[in-house]
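Please read it beside the sequence and the structure shown here.

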Amino acid sequence: MTAVVLGAGIAGLFSARVLAEAFDRVLIIERDRLDGAVPRRGVPQARHVHGLMDRGRQIMEELFPGLTAELAAAGAPTTDVLRGSRWYIAGLRVHPTDTGLTALLASRPMLEDAILTRVLAMPGVQLWQRRTAAGLLGGRAITGVRLADGEEVPADLVVDATGRGSRAADWLAALGYQRPVEERIDVDLGYTSRMFRRKPDHLDGDLAAVVSTTPGFHGGSAITLEGDRWHVTLSGMLGDHPPTDPVEFERFAATLPVPDLHEIVRTAEPLDDPVPHRFRGSLRRRYDRIAAAPRGFLVLGDAMSSFNPLYAQGMTVAAQQALALRSCLPDPVPAQFYQRAAVPIDIAWQMSTQADLRFPGVQGPRSLRSRILSPYTSRMPLAAHHDAEVAHAFMRASNLTAPPSSLLAPAIVLRVLRASSQERSAR
């Protein structure tokens with residue numbers, strides 16, 4: 001039994017890991033050359049700040065026991081997400097309380113390389129580099145993949161984890177299958193990143209600062225990485241993008257609602273030049289709604305759902321989809337997999353798109369539920385700023401370790417409304 005995984009990114013590697021439990025051979029086909037823990041062309045956001053939510057880290061530990069400690073020993077800092085890490089929403093710092101949630105501050109290349117090493121150590125797993133898939137083999141069922149050089153690779157299962165640029169819809173259409181409907185929420189996000197040398201006194205010793213980005217308000221993140229470096233990403237929405245000129249980059253940092261990131265940019269030694277990236281919007285391909293998907297072929301990761309990176313959900317949702325795939329083995333039925341994978345996607349999609357759709361400049365359908373909840377969610381930052389229990393609940397939901405409905409628990413609602421009432425009284 002052979003499984004072929006297209007793409008050696010996070011989604012592809014998690015998929016290969018679970019497939020190795022049920023298939024004699026797992027072949028990973030990757031178009032890039034993998035040269036260790038360095039950014040590569042196929043992961044354009046690798047040069048920008050990444051966040052692995054704690055639910056994603058927990059799944060990583062389940063599949064690769066001890067990997068958090070291994071990365072920490074190799075220099076990746078860890079901390080509680082609200083102790084040693086500052087979170088600002090609407091210019092207010094979320095209350096610095098113990099959450100029991102771990103922030104693993106490894107760069108995307110370091111994390112990906114460590115997972116790849118673990119995956120390739122498993123029996124039956126192989127990696128083909130600098131090879132590109134060009135189509136699918138088969139008809140009523142998919143029986144393999146055709147490469148760009150004309151080679152045909154037979155397989156009992158093909159998994160497309162090639163990212164947002166996936167051509168799976170075209171491949172399926174060429175075989176007579178239905179294309180998935182696409183849902184989009186455009187935010188026209190732009191961000192620019194730069195590395196700096198870290199000193200122990202920066203941020204009074206804290207390891208990270210995250211400032212929320214909304215239309216009209218610039219934001220960004222500063223994350224301590226392996227090698228005593230700051231990874232600083234500045235961001236803006238709806239076309240209000242940070243510049244790449246070093247002087248203008250610093251001026252943009254000064255416009256954030258809190259001074260933390262500007263202080264780093266202003267005082268720390270730069271290690272490279274600013275690098276830009278543009279993200280048009282969240283994209284979801286509804287493979288879960290295809291009437292008759294062929295057996296032997298599955299799509300997951302960003303190829304199925306690509307989220308606004310401001311919410312740092314992508315790697316964690318990919319890990320959750322890998323668990324959905326695991327639950328369908330050894331002979332995954334597409335409809336069953338897509339329905340199970342849709343559960344974590346629905347949660348992350350709802351959280352991120354509803355947060356974006358609170359702003360008039362973001363185009364997209366606004367449900368009655370989101371319109372009703374919008375005033376409540378807009379009060380959440382103030383309550384999380386003052387109240388440790390609200391802060392704890394908010395970060396658990398944000399890290400996908402608790403459902404969004406936990407923020408509607410009566411005790412949390414009461415605390416949020418009380419904070420709002422006290423603010424109005426203070427005025």
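## Residue classes and the model

In what follows, Ala, Val, Leu, Ile, Met, Phe, Trp, Tyr, Cys and Pro count as nonpolar, Asp, Glu, Lys and Arg count as charged, and the others, Gly among them, count as polar. The model discussed here is predicted.

## The second largest pocket

With these classes, the residues lining the second largest pocket divide into four nonpolar, five polar and five charged. The pocket holds about 250 Å³ of space, and of the 14 residues that line it, those closest to its centre are Trp349, Gln350, Thr353, Gln354 and Pro365.

Strand E12 and helix H9 each supply at least two residues of this lining, and H9 gives the most to it, with five residues.

## The sheet and helix H9

Eight strands form an open sheet, in which the order is E5-E4-E13-E14-E15-E12-E16-E18 and the pairing is mixed. The edges are strand E5 (92–93) and strand E18 (305–306), each of which pairs on one side only. Helix H9, which spans residues 334–356, packs on this sheet and touches strand E12 (182–197), strand E16 (275–285) and E18, while its direction makes about 120° with that of E16.

## Backbone geometry in the loops

The loop between helix H8 (314–328) and H9 contains Pro330, and the peptide bond leading from Leu329 to Pro330 is cis, with omega near 15°.

Two residues other than glycine carry a positive phi: Asp228, where phi is near 50°, and Ala312, where phi is about 55°. Asp228 lies in the loop between strand E14 (219–225) and strand E15 (229–236), whereas Ala312 is found in the loop between E18 and H8.

Are Asp228 and Ala312 buried, exposed or partly exposed? Asp228 has 48% relative accessibility and therefore counts as partly exposed, while Ala312, at 19% relative accessibility, counts as buried, because the buried class takes in values under 20%.

Technical notes:
Residues are numbered from 1 along each chain as its sequence is written. This is a predicted model: local features need pLDDT of at least 70, side-chain atom pairs count only at pLDDT 80 or more; totals for chains, interfaces and linings use all residues. Side-chain values use heavy atoms; hydrogens and water are left out. Two strands pair if DSSP finds at least two bridges between them. Helices (H or I, at least four residues) and strands (E, at least two) are DSSP runs, numbered from the N terminus. Contact means heavy atoms within 4.5 Å. Axes are lines fitted to C-alpha atoms, for helices over the stretch in contact, and angles run from 0 to 180 degrees between N-to-C directions. On a 1 Å grid over the protein atoms alone, a cavity is a set of points where a 1.4 Å probe fits but cannot get out, and a pocket is an open set with protein on both sides within 12 Å along at least five of seven lines; lining residues have an atom within 4 Å of a point. Grid points are joined across faces, edges and corners, and a volume is the space filled by probe spheres set on the points. Buried means under 20% relative accessible area, exposed over 50%, partly exposed in between (1.4 Å probe, protein chains only).
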